[in-house]
Amino acid sequence: MSADTIKKRIAIFGSTGSIGTQALEVIDANPDKFTAEVLTAQSNDELLIKQALQFNPNIVVIGDEKKYNRVKEALSATDVKVFTGINALEEVAAMDCYDLMLAAIVGYAGLRPTLKAISNGKIIALANKETLVVAGDIIMRTSVEKRVPIIPVDSEHSAIFQCLVGETRNKIEKIILTASGGPFIGRKPNYLVNVKREHALQHPNWSMGAKITIDSATLMNKGLEMIEAKWLFNLKPEQIQVIIHPQSIIHSMVQFEDGSIKAQMGLPDMKLPIQYALAFPKRLPNDFPRYDFRKVSTLTFEEPDLKTFRNLALAQEALNKGGNLPCVMNAANEVAVYAFLRNRINFLDMTNVIESVMQKVSFIQNPTLEEYFDSDGEARNLAADIIKL
Ligand code: NAD
Ligand code: MG
């Protein structure tokens, strides 16, 4: 059999989310290329059951143990195996039944299963940027040891990855990460202090899960992406520039030593970077809408406003200092975002929480994996104390 006729067996960790459901659309449209072998969800049992009945995977994992019986029962007429429990994700990540993990869990929760998959030699299509923010050094070191490719799904990093194809011997001068600016572009703190969750959840260009949508509104998402880029492409902090590009047509750019800049462009649609990562190194045909230069003929660029969107400045500080600071920042951010989503704190409070947690947790220059876990826990406790959760 030629490589073209062997189907890639995909495990989608986080199949019920925004990335996970779009990945299943890609798999559904390419049944001769991919099969879905593992699907996992934290709490949306209904959608997980529906997906399992449609795609007939080998295994499903439901994180919420209270929902195990319902899932098991609903799939009793099939041969789908159902797992639950705190170790289930890591156990399944180590199994032989799949070739490529789409890491599409949101937040820190994605770290352990992704690391387990890398340790077991699985190809990674990485949407879960927090994994690299928390422990990028360990993730990248392990992927080199195990010769495991990590193919980015995040649209900016997919853009950079695509610009770098064929350029392995050429030095990068810098990368330019584009940011839409989110729904509050041009706004000042006196406006932001009154912003409500419903408003912050309306992203102008992308439809995404709640956490990343808030991160996009605060620009923390771009900060996380700077750190993600540092690890993926082995860059120094000063080689990473952020530019606001409200149309989200240029997904990011690479400038080489000779000053030449390559950009990757297209309409904002996550199915494209998802499909690219699943099918890499091949490109697959599809019927996604195409960008037409005659219709959106103005592309604009501006500097990010670091004084208003201080989360981006905090992330730059974490990027520059390194050690456990990005991990600490990420944990505080997760707690702050969920507190904002539950209307416990206001939009600007999120930054204050993250800043004080970053000041309080003791700095470790070269943390072990255990120290990353501890720093995450300590930062979460501190953030919860500050918010009085
Ligand atoms: P989402 O909230 O829509 O979905 C998250 C998925 O993770 C769900 O399937 C959920 O069941 C699962 N999950 C949540 N908490 C979990 C836990 N504690 N343990 C196990 N599973 C858990 O999120 P999303 O928007 O699809 O984003 C997923 C990841 O991809 C994030 O890291 C995000 O930053 C990144 N990403 C998303 C987009 C996008 O367009 N949505 C773009 C770029 C990067
Ligand atoms: Mg992105």
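E156 is buried, with a relative accessible area of 8%, where buried means under 20%, exposed over 50% and partly exposed in between, computed with a 1.4 Å probe on protein chains only. This is a predicted model, in which local features need pLDDT of at least 70 and side-chain atom pairs count only at pLDDT 80 or more, while totals for chains, interfaces and linings use all residues. Residues are numbered from 1 along each chain as its sequence is written, chains are lettered from A and ligands numbered from 1 in the order in which they are written, and side-chain values use heavy atoms, with hydrogens and water left out.

E156 lies in helix α7 (residues 155-164) and E225 in helix α11 (residues 220-233), so the pair ties together parts that are 69 residues apart in sequence. Helices are DSSP runs (H or I, at least four residues), numbered from the N terminus.

With their axes 7 Å apart, α11 and helix α13 (residues 310-321) pack at an angle of about 20°, which makes α11 roughly parallel to α13. Axes are lines fitted to C-alpha atoms, for helices over the stretch in contact, and angles run from 0 to 180 degrees between N-to-C directions; those under 35 degrees count as roughly parallel. On the α11 side, the contact (heavy atoms within 4.5 Å) is made by M220, K222, G223, M226, I227 and K230, and on the α13 side by N311, L312, A315, Q316, A318 and L319.

Helix α10 (residues 210-218) is mostly covered, as seven of its nine residues are buried. Among the elements covering these buried residues are α11 and α13. Just after α10, L219 takes a positive phi of about 70°.

Other backbone features lie in loops. A cis peptide bond, with omega about 10°, joins F280 and P281, and P281 is found in the loop between α12 (271-279) and α13. N343 sits in the loop between α14 and α15 and, at 54% relative accessibility, counts as exposed.

Key. Helices (H or I, at least four residues) and strands (E, at least two) are DSSP runs, numbered from the N terminus. Angles under 35 degrees count as roughly parallel, over 145 as roughly antiparallel, 65 to 115 as roughly perpendicular and the rest as oblique.
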